[in-house]
Amino acid sequence: MGEVGKVVCVTGASGYIASWLVKLLLKRGYTVKATVRDLNDPKKTEHLLALEGAKERLHLVQANLLQEGSFDAAVDGCEGVFHTASPVYFRVTDPQVELLDPAVKGTLNILGSCARTSSIKKVVMTSSFAAVGYTGRPMTPEMVVDESWFSDPEFCKSIKAWYLLSKTLAEAAAWEFAKDKGINLVTINPSVVIGPLLQPSLNASAETILNLINGSPSFRNSSFGWVDVRDVANAHILAYEDSSASGRYLTVGEVVHLSGIAKILRELYPNLPIPDKCADDNPYVPTYQVSKERAKSLGLEFTSLELSVKNTVDSLREKNFVNF
């Protein structure tokens, strides 16, 4: 079980992964200091304050990624910090302002606060498969991606993949800073995260599922790793509680082409107009393999893709993003 009464901080606590992280930490007996951008925005706070144990052990703190020292109060008195705050946008007009600065400067700002706080024993950072698998090498079904892979910033720039670039640069900056300051850092690198939503707003990965059940005429020709949000939150906690955990942990349940997700949806919801054709006539983008060895060494067990997809749709219905 968790360390009852131990104080930890979760940054960007209103987000998709972070909300589940707060929920599971409270359930395990932790006291959680959770940062949000605006304490007066009910969309950022209400779902957190409604969690079991929140009344007794959740403390919301306002903090801004780009404001230096902004996280000092949030991490003060904490033994662990879970840094999840980072914007997830795939359509941007100014990548530097909207993605790169908040991801990189925000990470260094938070780690700076951690470096000034002697009580902190470990920092667990939410990175991404975005910082791992985009090397410019063509992927094949035989290829096994592991934690030694790092995405190539130049390749990300060349294909204008600004979100991938933001996660790649933020993780690289975090490792350099942690090494320099002697911070005990671990990163969790999930692929596309699906599963039930706790927050009221629609997040980018759940929107991928929503588009497939909302009458879209076709699916994109893309292959992704998929993982359940509860598994990702759990991986953060397991990595925090395991004193021998170090380095990076890929958290990817299965790698499946979007045609495979559409197939699962058609089997689950035969009456829905799930697309059965691809957006282009090219051969399907190949899948690849991802090593689960390190994730499993933490004791992580992966939720089945079918259950994650079903729970995502159930949650989208419950929150009225779709009606059927």
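Which residue does K6 meet in a salt bridge, and at what N to O distance? I started my notebook with that one. The model I am working from is a predicted one.

**Entry 1: K6 and its partner**

I found the side chain of K6 in a salt bridge with that of E79, at 3.7 Å from N to O. I then looked up where the two sit: K6 is in the segment before β1 (7-11), while E79 is in the loop between α4 (72-75) and β4 (80-83). They are 73 residues apart in sequence, so the pair ties together separate parts of the chain. I checked the accessibility of K6 as well, and at a relative accessible area of 25% K6 is partly exposed. The pair also belongs to a network of salt bridges that links K6, E79 and K121.

I searched the whole structure and got ten salt bridges. I picked out two further ones to note down here.

One of them joins R248 to E171, with 2.7 Å between the closest N and O atoms. This pair links distant parts of the chain, since R248 lies in strand β10 (residues 247-251) and E171 in helix α7 (residues 162-181), 77 residues apart. Are these two buried or exposed? R248 is buried at 6% relative accessible area, and E171 is buried at 1%.

Another joins K263 to E267, where the closest N and O atoms are 3.0 Å apart. Here both residues lie in helix α10 (residues 258-268), four residues apart, or about one turn of the helix. I read K263 as partly exposed at 46% relative accessibility, and E267 as exposed at 55%.

**Entry 2: Cysteines**

How many disulfides does the structure hold? I counted zero.

**Entry 3: Helix α5**

I finished with α5, which runs over residues 95-115 and has 21 residues. From first C-alpha to last I get 28 Å, close to the 30 Å expected at 1.5 Å a residue. Where does α5 kink? I found a kink of about 45° at D101, shortly before the proline P102.

Methods
Residues are numbered from 1 along each chain as its sequence is written. This is a predicted model: local features need pLDDT of at least 70, side-chain atom pairs count only at pLDDT 80 or more; totals for chains, interfaces and linings use all residues. Side-chain values use heavy atoms; hydrogens and water are left out. The expected span of a helix is 1.5 Å times one less than its number of residues. The bend at a residue is the angle between axes fitted to the seven residues ending there and the seven starting there. A disulfide is a pair of cysteine sulfur atoms within 2.5 Å. A salt bridge is a side-chain nitrogen of Lys or Arg within 4 Å of a carboxyl oxygen of Asp or Glu. Buried means under 20% relative accessible area, exposed over 50%, partly exposed in between (1.4 Å probe, protein chains only).
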